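Here's a quick briefing to read alongside the model. Have the viewer open and follow along.

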Amino acid sequence: MSGNYDDVRHNLISMLEELDERLTMITQDVRHADEAGEKDFEEQATQNENNEVQDCLGNSARVEIEAIKHAIERIDRGDYAICQTCGEAINPERLKILPYLAQCIKCASLAEKH
Ligand SMILES: [Zn+2]
């Protein structure tokens with residue numbers, strides 16, 4: 001059954017590699033900014049703002065990486081495309097857009113409200 005998802009698995013792995021690369025780039029940027037050290041106040045303020053943006057990017061990349069890893073695990077286990085909350089099938093159209101979805105639309109929208 002999991003054989004059907006070979007292409008998806010392939011896709012997820014290249015997404016993972018891409019994100020990993022992006023994350024490495026973000027982290028290197030932050031480190032570089034930290035090394036820059038003494039600067040006048042205005043420049044420092046801009047730098048801090050940049051760091052915040054990069055932190056935020058880094059976090060969403062990390063969340064995405066986790067979701068993708070879990071999706072690959074689910075393919076290997078044979079319960080990919082099944083909502084992890086209620087056990088219903090996840091709409092394939094949604095999976096085409098976001099292949100690492102772990103919840104059906106009902107559970108996803110419920111989770112958002114809480
Ligand atoms: Zn569900």
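Let's start at A81, which touches A89, I90, P92 and L95, leaving out residues up to four places away in sequence; two residues are in contact if their C-beta atoms, placed from the backbone, lie within 7 Å. Keep in mind that this is a predicted model: local features need pLDDT of at least 70, side-chain atom pairs count only at pLDDT 80 or more, and totals for chains, interfaces and linings use all residues. Numbering starts from 1 along each chain, as its sequence is written.

**More on A81**
- A81 is in the loop between α2 (41–77) and α3 (92–97), where helices (H or I, at least four residues) and strands (E, at least two) are DSSP runs, numbered from the N terminus.
- Its phi is near 70 degrees, a positive value in a residue other than glycine.
- A81 counts as buried because it has 20 C-beta neighbours inside 10 Å.
- For reference, buried takes 20 or more other C-beta atoms within 10 Å of the residue's own, exposed takes 12 or fewer, and partly exposed is in between, with C-beta atoms placed from the backbone.
- A81 and N91 are 10 residues apart in sequence, and their C-alpha atoms are 7.7 Å apart.

**Overall layout and confidence**
- Of the 114 residues, 11% count as buried.
- Take the contacts between residues at least 6 apart in sequence: 59% of them join residues at least 24 apart.
- Mean pLDDT (the predictor's confidence in each residue, from 0 to 100) is 86 for the chain, and 89% of residues reach 70 or more.
- By element, confidence is lowest in α1, at a mean of 86, and highest in α3, at 94.

- L16 lies in α1 (residues 6–35) and touches I65, I68 and K69, not counting residues up to four places away in sequence.
- From L16 to I65 is 49 residues in sequence, yet 6.0 Å in space, C-alpha to C-alpha.
- L16 counts as partly exposed because 17 C-beta neighbours fall inside 10 Å.
- T24 is also found in helix α1, and it counts as exposed because it has 11 C-beta neighbours inside 10 Å.
- T24 and G58 are 34 residues apart in sequence and 8.9 Å apart in space, C-alpha to C-alpha.

**Helix α2**
- At 1.5 Å a residue, the 37 residues of α2 should span 54 Å, and the end C-alpha atoms are 54 Å apart, which agrees; the expected span is 1.5 Å times one less than the number of residues.
- The buried residues of α2 are A61, I68, A71, I72 and I75.
- Leaving aside neighbours within four places in sequence, A71 is in contact with L12, Y80, P99 and Y100.
- Just after α2, G78 takes a positive phi of about 90 degrees.

**The nonpolar core**
- Which residues make up the largest nonpolar core? There are 11: Y5, L12, I68, A71, I72, I75, Y80, A81, I90, Y100 and C104.
- α2 gives the most to this core, with four residues.
- The core draws at least three residues from each of domain 1 (1–79) and domain 2 (81–114), with the bounds coming from an automatic or database domain assignment.
- A nonpolar core here is a set of buried Ala, Val, Leu, Ile, Met, Phe, Trp, Tyr and Cys residues joined through C-beta atoms within 7 Å.
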